[in-house]
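Hi there,

Here is the structure I promised to pass on.

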Amino acid sequence: MAVSTSTTSPLPLLLLHRGTANPSPASLSFPSSLRATSLRSRAAAAPPAETLSEDGIPDAPPEGEGTGIPLPSSIGDDGEQLAPKQKIRIKLRSYWVPLIEDSCKKIIDAAKTTNAKTMGPVPLPTKRRVYCVLNSPHVHKDSRFHFEIRTHQRLIDIMYPTAQTIDSLMQLQLPAGVDVEVKL
């Protein structure tokens, strides 16, 4: 079986002759056009994306052209607007809802005064822990008390934080009943 290149193909293919069960390196040959020019110069002179090879299969367009994938050099300043360089993620936990809501409001106000974009507060699922305690250890084994602890959680993202934003968040006084976890 022999694989050959077509005249309209932008890059020459490797010719492989399989006459034996174990092909040797001597059976591999390169076209003479590949030896004379480099791959980069041939890729730059590739035909447009609409051309068809002899098999009727459309040729691949040149890299970055018509593929929908931007080249790294074309991302530039637009990439900085789409993906922020730094993001502060604040996760708040509390047993009492008014306390966590008040803390969220303080954090968002501190971030907005420094012109940082905020996303949230996003309410995360409440974790419920139920404890079952016997009412009487000896006689009344069927009588039990059920106690539950609900942990309410909120998530706040601060996009494009500045040094002033971080300073205002560090100076913020939050109540003792709120657990704050900050990730940069």
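Predicted model: local features only at pLDDT ≥ 70, side-chain atom pairs only at ≥ 80, totals over all residues.

A search of the whole structure turns up one aromatic pair. It joins Phe145 and Phe147, whose ring centres are 6.1 Å apart; their planes meet at 40 degrees, so the pair is tilted.

Now for the overall layout. The protein has five helices and six strands, and along the sequence they run β-β-α-α-α-β-α-β-β-α-β. Of its 184 residues, 20% count as buried. The exposed surface comes to about 13,600 Å², with carbon and sulfur atoms supplying 57% of it. Among the contacts with a separation of 6 or more, 66% are between residues 24 or more positions apart.

Next, the interior. In soluble globular proteins, nonpolar side chains tend to be buried together. Here the largest nonpolar core has 14 residues, and Ile90, Leu92, Ile107, Ile156, Ile158 and Leu169 have the most contacts inside it. At least two residues of this core come from each of strand 3 (87–94), helix 4 (97–112) and strand 5 (144–159). Helix 4 gives the largest share, six residues.

Leaving aside neighbours within four places in sequence, its contacts include Ile88, Ile90, Ile107, Ala111 and Leu169. Thr165 is also in contact with Ile158, along with Ala111, Thr114 and Ala116, again leaving out neighbours within four places. You will find Thr165 in helix 5 (residues 163–170), where it counts as buried at 0% relative accessibility. Its side chain makes a polar contact of 3.1 Å with the side chain of Thr162.

Not counting residues up to four places away in sequence, Arg154 touches Ile90, Leu92, Val97, Ile100 and Cys104, among others.

That brings me to the cysteines. Cys104 is buried, with a relative accessible area of 2%, whereas Cys132 counts as partly exposed at 44%. The count of disulfides comes to zero.

One last stop is Lys183, which lies in strand 6 (residues 178–183). How far apart are Lys183 and Ile90 in sequence and in space? They are separated by 93 residues in sequence, while their C-alpha atoms are 6.5 Å apart. Beyond its neighbours within four places, Lys183 is in contact with Lys87, Ile88 and Arg89.

Happy to go through any of this with you.

Best wishes

Note on methods:
Residues numbered from 1 in each chain as written. Heavy atoms only, no water. Core = buried A, V, L, I, M, F, W, Y, C linked by side-chain atoms within 4.5 Å. Buried < 20%, exposed > 50% of the residue type's maximum accessible area, 1.4 Å probe, protein only. Helix = DSSP H or I, 4+ residues; strand = E, 2+ residues; numbered from the N terminus. Contact = heavy atoms within 4.5 Å. Phe/Tyr/Trp six-rings, centres within 6.5 Å; stacked < 30°, edge-to-face > 60°. Polar contact = N/O pair within 3.5 Å; in protein donor to acceptor, adjacent residues only side chain to side chain. Areas by Shrake-Rupley, 256 points an atom, 1.4 Å probe, with all protein chains shown as cover. Disulfide = S-S within 2.5 Å.
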